[in-house]
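Me: I have a structure open and would like to learn how to read it. Could you walk me through some features?

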Amino acid sequence: MSDEGTTEGRTTLAGGIAAFCGVNVFLCYQCGRCSAGCPAALAMDVLPHQVIHLVKLGCVEELLRSHSIWMCAGCQTCTARCPNGIDVAGVMDALRQVLPLDRFSPAGRRIAAFHRMFLSQVVRRGRVYELGLVARYQLVRRPSWAEMFVGVQMIRKRKFRWLPRRISLAKAGERFPEKRSGKPSPDCWKSPLVRLVDKSEQGP
Amino acid sequence: MLGRFGKLEFAYYPGCSLAGTAREYDESLREVCAALGVQLVELPDWNCCGGSSAHFLDRELADKLARRNLRLAQEVGSDLLVPCAACFHRLKVTLQGQDRTLPARGERRLQELLGQLPTGGSQEGFPSAKVLGKEGNSADPLPKGEGENGEKAATASNRSERSTIRIFPVNEFFTDPRILERLRCAVRRSLGGLQPVAYYGCLTQRPVHVMGSGNPENPQAMDRILEVLGTSVHSWAYKTDCCGASLGITEPEVTRRLVTTLVKAAAEAGANCIVTACPMCQANLDLRQAEFVRTSTEVRTVPVFYITELMALAIGVSGHERWWKRHLVDPRPLLRSLGL
């Protein structure tokens with residue numbers, strides 16, 4: 001157990017989750033139904049009910065070391081089946097957002113990087129450019145032969161659109177400062193479109 | 001065929017997949033709706049819903065993206081049809097204003113708990129107090145006038161009455177009595193011989209309290225549509241099991257195992273095809289099966305159709321050849337062997 005598993009740590013992590021997403025993890029009595037139904041459990045080192053337990057205990061280091069939070073596919077089966085109405089998937093979402101991204105294990109950081117690429121596209125264009133997204137991710141991490149085979153098949157079947165599309169907000173919008181300034185900031189997806197959407201929200 | 005029915009109008013949010021890798025879903029849906037006299041008005045200048053990534057990493061952004069689309073739909077003023085299950089999920093959750101907050105058992109206990117806990121501000125020992133503090137300040141990501149936390153719980157129940165538009169996924173849309181009747185009348189040739197299993201996936205059924213699906217572990221909507229089309233639909237136990245599409249790019253090995261399980265289960269149920277209404281599920285099941293062909297022969301591949309493609313086939317809309325060409329597991333041998 002880590003240093004953070006103290007009484008102090010205990011209240012703050014579970015309390016932070018409660019403040020963030022309104023879930024009381026102390027309602028969990030460890031029946032394990034979430035883990036039993038979890039499709040991604042086969043790839044997890046810490047099972048969903050154990051994640052909840054670690055949150056209860058405030059074991060931040062253990063959570064950061066495990067890649068389970070990032071293996072969660074977001075299918076919500078756990079939430080649907082919890083006898084105590086705990087939004088387990090919501091806790092996973094909250095953990096992804098309140099724990100510091102740069103301190104996760106390499107597997108966690110890699111998956112997080114993909115989601116970040118996705119979001120940076122969304123805020124830049126307002127839409128996802130699928131070919132660009134897949135290509136960018138695969139270039140970074142060097143795909144296996146199997147992945148390349150699938151990619152070639154998809155191109156052969158004309159699944160992808162070649163060119164990206166933009167929504168009018170993005171067309172009219174500002175350039176994106178983060179784009180050329182070296183290393184992208186961890187919050188880079190938060191800037192342009194959000195601002196633009198904010199603007200339109202204040203409109204008539 | 002148009003003249004046979006009165007006009008119905010729906011706003012239409014295709015989403016990025018239907019504008020890209022799932023174009024055949026988009027095309028077949030539009031064709032079917034045209035044939036049934038349902039007019040679809042595509043939301044002008046719609047944006048991406050943010051998919052899983054947005055609510056994984058930044059729920060504020062997720063909320064804003066969905067809210068902009070909902071506003072566009074309110075401007076159009078009709079009920080909204082959202083064929084993509086992932087987009088539907090995001091929009092519906094946002095519309096209900098119940099993102100992350102379970103109204104049931106947890107809520108009251110939680111309010112008590114929250115009363116005793118520090119919210120936001122600097123919390124020693126908590127690793128990301130900054131993020132939390134920010135969340136605390138940005139407060140309520142709900143529309144203007146939605147008020148504070150306590151009020152949120154109180155208004156959660158009547159929020160859906162106040163929202164002027166309703167959102168439909170494809171299955172619910174076509175099982176609406178008005179539209180199902182039109183479909184029944186429009187079917188020209190029965191798809192006898194096709195033995196599908198209906199695969200619903202995750203996101204149109206869950207979270208249960210938002211989707212309000214009567215039978216979240218064994219939904220029936222798509223089965224009913226398939227019966228109307230004349231297929232002999234098989235029951236199976238994997239209707240709402242996850243196919244792992246959101247891990248498809250980052251963790252292909254996990255996805256491969258999930259898809260293998262699903263395809264084997266479909267074959268065991270005696271099905272000769274899988275039918276889905278989600279572009280993520282279709283792409284995932286289709287692509288991973290294409291890999292089986294290359295790597296092993298022990299799993300028999302099964303074509304994966306969009307429900308709208310089969311509707312178009314039954315109604316007799318022309319042009320389905322070009323859709324079949326874009327499937328990685330080619331459905332043409334199966335259709336040919338059944339004389340369809």
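Me: Among contacts in chain A between residues at least 6 apart in sequence, what share joins residues at least 24 apart?
Reply: Happy to start there, with the reminder that this is a predicted model. In chain A, 66% of the contacts between residues at least 6 apart join residues at least 24 apart.

Me: Which kinds of elements does chain A have, helices or strands?
Reply: A handy general idea first: an α-helix has 3.6 residues a turn, so residues three or four places apart point the same way. In this case, chain A has 12 helices and 0 strands. Reading from the N terminus, the elements go α-α-α-α-α-α-α-α-α-α-α-α. Of the 204 residues in chain A, 48% are buried.

Me: How is chain A divided into domains?
Reply: The domain assignment gives domain 1 as 7-101 and domain 2 as 106-202. Where they touch, 4 residues of domain 1 of chain A are in contact with 5 residues of domain 2 of chain A. The domain 1 side of that contact has 3 nonpolar, 1 polar and no charged residues.

Me: On to chain B. How do helix 4 and helix 5 of chain B cross?
Reply: For a helix pair, look at the distance between the axes and the angle. The axes of helix 4 (residues 59-76) and helix 5 (residues 85-96) of chain B come within 9 Å and cross at roughly 90°, which means that helix 4 of chain B is roughly perpendicular to helix 5 of chain B. Helix 4 of chain B contributes Ala62(B), Asp63(B), Ala66(B), Arg67(B), Asn69(B) and Leu70(B) to the contact, while helix 5 of chain B brings Arg90(B), Leu91(B), Thr94(B) and Leu95(B). By class, this contact has 5 nonpolar, 2 polar and 3 charged residues.

Me: What about the sheet in chain B: in which order do its strands lie?
Reply: In general, strands of a sheet pair through backbone hydrogen bonds, either parallel or antiparallel. Here, 3 strands of chain B form an open sheet in the order 5-6-7, with parallel pairing. Strand 5 and strand 7 (304-306) of chain B each have a single partner strand, so one side of each has no neighbour in the sheet. On average, neighbouring strands are turned by 30° against each other, direction ignored.

Me: How many bridges join strand 5 of chain B to strand 6 of chain B?
Reply: There are 4 bridges between them. Within strand 6 of chain B, Thr276(B) is opposite Tyr199(B), and Val275(B) is opposite Ala198(B). Strand 6 and strand 7 of chain B pair over 3 bridges, and Thr276(B) stands opposite Tyr306(B) in strand 7 of chain B.

Me: Last one: which residues of helix 13 of chain B are buried?
Reply: In helix 13 (residues 221-228) of chain B, they are Ala221(B), Met222(B), Asp223(B), Ile225(B) and Leu226(B). Their cover includes helix 10 (170-175), strand 5 (196-199), strand 6 (273-276) and helix 16 (307-315) of chain B. Just after helix 13 of chain B, Gly230(B) has a positive phi of about 90°.

Terms used. Residues numbered from 1 in each chain as written. Chains lettered and ligands numbered in written order. Predicted model: local features only at pLDDT ≥ 70, side-chain atom pairs only at ≥ 80, totals over all residues. Domains from an automatic or database assignment. Contact = placed C-beta atoms within 7 Å. Nonpolar A, V, L, I, M, F, W, Y, C, P; charged D, E, K, R; others polar. Axes fitted to C-alpha atoms, helices over the stretch in contact; angles between N-to-C directions. Helix = DSSP H or I, 4+ residues; strand = E, 2+ residues; numbered from the N terminus. Parallel < 35°, antiparallel > 145°, perpendicular 65-115°, else oblique. Buried ≥ 20, exposed ≤ 12 C-beta atoms within 10 Å, placed from the backbone. Pairing = 2+ DSSP bridges.
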